[in-house]
Amino acid sequence: MWASIAGRLFWRELKRGELWVIAFALFLAVGSVVSLSGITQSVKSALQQRSAQFTAADRVLGSSQPFDDTLFAVAGELNVATARQMQFDSMLFAGEQMQLATIKAVSDTYPLRGDLVLHRSASITSGPAGQLAPGEVWFEARLLDLLQVNPGDTVELGEARLVVGGVIVNEPDAPLSVFGGSPRVIMHLADVPNTNIVQPGSRISYRYLFAGSTSALDELAEQLQPMLSVHQRWRNLDRESAIGSALERAERFLLLAGLLGIVLAACAAAVAASRYSQRHTQAVAIIKALGATTAKARLLYGSHLCLVVLFSLVLGLLGGQLAIFAAEFGISQYISDYRTEFSVRPLFLGTLTCIICALLFAARPLWQLAKTPAIEVLKQPAVAMKLDKWQLLFGAAAIWGLMWLFSGELLISVGLFLLCGLFAAILLGFAALMVKLARPVAAGQSSAGRLALANLRRRLWPNSFQLITFSLAIFLTLLLYFLRAELIGQWRQQIPEGAPNHFLVNVSAEQRAQVTAFTQKNNLQPEPFYPVVRGRLITVNDETLQQEASKEDRSEQRVGVGRELNLTWLAEIPANNKITEGQWFTDTTAAEVSVEQEIAERLQLKLGDTLNFSLGGQQISTTVTSIRQVDWNSLQPNFYMILSPDVLATFPATYITAFYLEQGSGKLINQLARQMPTVTVISVDAIINQVNDIIAQVTIALSFILVIIALAAALVLVAQVQATLEQREQELAILRTLGAKYVFLRNALLLEFAFLGALAGLFATVLAELLLMTLQQRVFDMPFQFHFALWWMGPVIGIVAVSLLGWWQLRRLLQIPGAVLIRRVIQS
Amino acid sequence: MLAGLDTPSAGEIEMAGHPLHNMSEDERAGVRARDVGFVFQSFLLLPSLTALENVTLPAELSGDRKARERGLALLEQVGLSARADFFPSQLSGGEQQRVAIARAFITKPAILFADEPSANLDAVTGKMIEDLLFELNDSQGTTLVLVTHNSELAKRCQRQFQMRSGRFVASEPAAEDTANVG
């Protein structure tokens, strides 16, 4: 029976608009949690899928030992698609010509992600499409020139004779390194035994490619983990992505900003719940007078609350999921074969948030409500909100719980919580001081101003709370607005307009003049030529390095790089490099080397170490004089080792350079390739487009959060104003009775809110400027910059938003004729 | 205190055989649910429920399955069956008080407490409410305890007690005369 009463009560009050602040606040909290976590998930998955296209698979397991079929069997059982890939360097022979090439042998199912495009011709821009089949090899275009062969000719690889099929137009997992290395060759895995190249001890890298759903892949990784030997290692896709770190930062920022929006929404729910229970004190007293026990009243209002929560939860989950679908649709416009995966995690997080909010913010007021004694029916209901210490405690606990839930780290949540507490305390102190100080000033004001200030002073504590929430809301809006601009600016800076998008590799010393002539003729702005000499790091301080990372039983030996390095020599430090230790070359005869920070850590190198390199049989000895930090996100030629010019200048080097070419200038590239067939042209347009897409997506996500925060902030304000509605009604009735005119009351009201808004806006501005300054210097490495716009935007937003919302809420109250108002107050 | 809404700081109250002074809030709620009806000066209807739902509320709270029929019958008796689905805010003061009276009678209480039932109404409506109250009181055989400043109204009761500043000052007719008050 009580359930039907609760149901009716819920439906009627929803229709009468009694519940909408609570319901909307909870809806907003749930909806934003679901959409935020879902959308970041989608963006992340989109990015992983993009990177998967660049690695031809979702997951790659690398090994130095031959394929282990049991691993493929496990994948088969889990419905994970697999492909095999072997890679080795070998000599190719064609008549008199021979050339060292990087051979990739792949199985039929390759590639699992992305497209392998082959042309049955010598050109990468035209010719019929080819298909990988046993008996054929496919060449990187320049290899045809180097070996002087044409499609259809026969080449020798080890003991096998293979027919040249044509050129590789697109190899999804080709190394993105701008240095290229040996020319690339793709062949079928079935032909490998015929070559007889695979001998014990030959250096071959085996790759297990896997693709499937995230859950199946996670399961696979878990099942394979105990089966893996020391030779087998997962290749991490995320870390290899050039923009992974930027996105990770953006994701954290999004979730944290979203969290504060949710906290605001939860505050609105708490205020609205307190007001709701206060307004229902008399109803509970009536029900109790009519014979309901406390338990029954609790059951009635408990189920009432459950219905409100359920209503908001369902709507919030639906709304959030819709937003996710919309985002996924948007992403699918960017990525051709984007696969969406439904995840319950956002829905779970949303539900948990809703329960936390409801239990800790709204349950306490309703619990107290049921305790209302029956005798209250005979009393005048109280209109002023009481400050409930337990409610504050529960609210604080809920906020901290939410912070923990979203940051996932105890320390961060405690830190953030304490920081918020500190902000609140400072604001509270300031608010009290301002209202106190305002008294003497107000003495000279118009009487409307005096009334406004008197109102503010009388509701000092609730007002201070309002001030904190308004300030927080305006602060977040400002911070997000300015930070958004700064984040986007920073990302754009990484790829400035006209940044080089085509790299020329393997330019010989003689070809430099030809390249320069070509760029001048076509009005291109080339980067300087970087000389490149390939060499192997052999010893560090006379200690021989282990060349193959996976070789066993030599664990005490220092592990080397395991491949040839691209060495360069430069007199000046590149613009995007920063010395972290030591000094850039000063002496021109000292045989120095500058080492990149990460590889220095990996090889445990320090200043003063002696590094010996082997360059085509010759050995050179250098001393480490500086450690550099390199911005790997920048699309510039970057080097692990930069040697002083005196060491390398005599070695025969090839050169690399880069220039910007507008999209769709394929003809020009072909022309260049014909003129200089041995030069490799590498286009990074794909990467640049990927970064731009991500910037666009993150910008949308940031704007979305901005809207959520603004909405939550407005909701807090509405809830706060509504909480004072009864009290204001009573006061207005008295003032009207005493003869106050409409204009006077309106001015007093507007002034009160304008003052509150200005104060909140000012606090928000100061806080935002402080935080922006810190972020600029600590996180973005940008010079200090004063945000002038902030200083007028903050207070103006405060005054306009708070006055408008306050006016919107109280306008009707002012328009009620005095007599009606007085009767209404007397009757209640 | 008589109705079990509050407890005395000293002394004893017994109502319909229940020692109210010794009972907890919830036990007293049980007594109120079974034996007591209320009509308040300011009507005190729940704004979110319709007239009919307000009437049936006490019956529903004690799990009466026939609440709806009884509620409709009572609304008929107070002349408001046409307004059963109206909300309190859509009813006049007199109508609201008639709903409150119907509500008071739905549990067939042994005692009905009426606190200034016509004080918030104009003279004509007030008179009508008073008539209705006594009429129903007669037909339902309930004991009516009526509190009023209106001596005319007081005279319609079988017994009158006068209180001044919290003390009994007079009682007429004599206490032993009648078993039923009202």
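Modeller: Happy to; we will take the labels one by one, remembering that this is a predicted model.

Biologist: What makes Arg12(A) and Glu53(B) a salt bridge?

Modeller: Their side chains meet at 2.4 Å, N to O. The rule finds 3 salt bridges across the interface of chain A and chain B, along with 7 residue pairs in polar contact.

Biologist: Which elements of chain A give two or more residues to the side that touches chain B?

Modeller: They are helix H1 (2–15), helix H9 (281–289) and helix H10 (294–334). The residues on that side divide into 14 nonpolar, 6 polar and 6 charged. About 2,500 Å² is buried between the two chains, with carbon and sulfur atoms giving 66% of this area.

Biologist: Now the rings. How many aromatic pairs are there over all chains?

Modeller: A search of the whole structure finds 15.

Biologist: Why is the pair Phe72(A) and Tyr208(A) called stacked?

Modeller: The ring centres are 5.0 Å apart and the planes lie at 25 degrees, so the pair is stacked. The cut-offs are 6.5 Å for the centres and under 30 degrees for the planes.

Biologist: What makes this pair a link between distant parts of the chain?

Modeller: Phe72(A) sits in helix H3 and Tyr208(A) in strand E9, 136 residues apart. Both residues are buried. Ring pairs also link them with Phe67(A), Tyr206(A) and Phe210(A) into a cluster.

Key. Residues are numbered from 1 along each chain as its sequence is written. Chains are lettered from A and ligands numbered from 1 in the order in which they are written. This is a predicted model: local features need pLDDT of at least 70, side-chain atom pairs count only at pLDDT 80 or more; totals for chains, interfaces and linings use all residues. Side-chain values use heavy atoms; hydrogens and water are left out. Buried area is the accessible area (1.4 Å probe) that two parts lose on being put together, summed over both. A salt bridge is a side-chain nitrogen of Lys or Arg within 4 Å of a carboxyl oxygen of Asp or Glu. A polar contact is a pair of N or O atoms within 3.5 Å; within protein, one must be able to donate a hydrogen and the other to accept it, and residues adjacent in sequence count only if both atoms are side-chain atoms. Helices (H or I, at least four residues) and strands (E, at least two) are DSSP runs, numbered from the N terminus. Ala, Val, Leu, Ile, Met, Phe, Trp, Tyr, Cys and Pro count as nonpolar, Asp, Glu, Lys and Arg as charged, and the others, Gly among them, as polar. Rings of Phe, Tyr and Trp (its six-membered ring) pair if their centres lie within 6.5 Å; planes under 30 degrees apart count as stacked, over 60 as edge-to-face and the rest as tilted. Buried means under 20% relative accessible area, exposed over 50%, partly exposed in between (1.4 Å probe, protein chains only).
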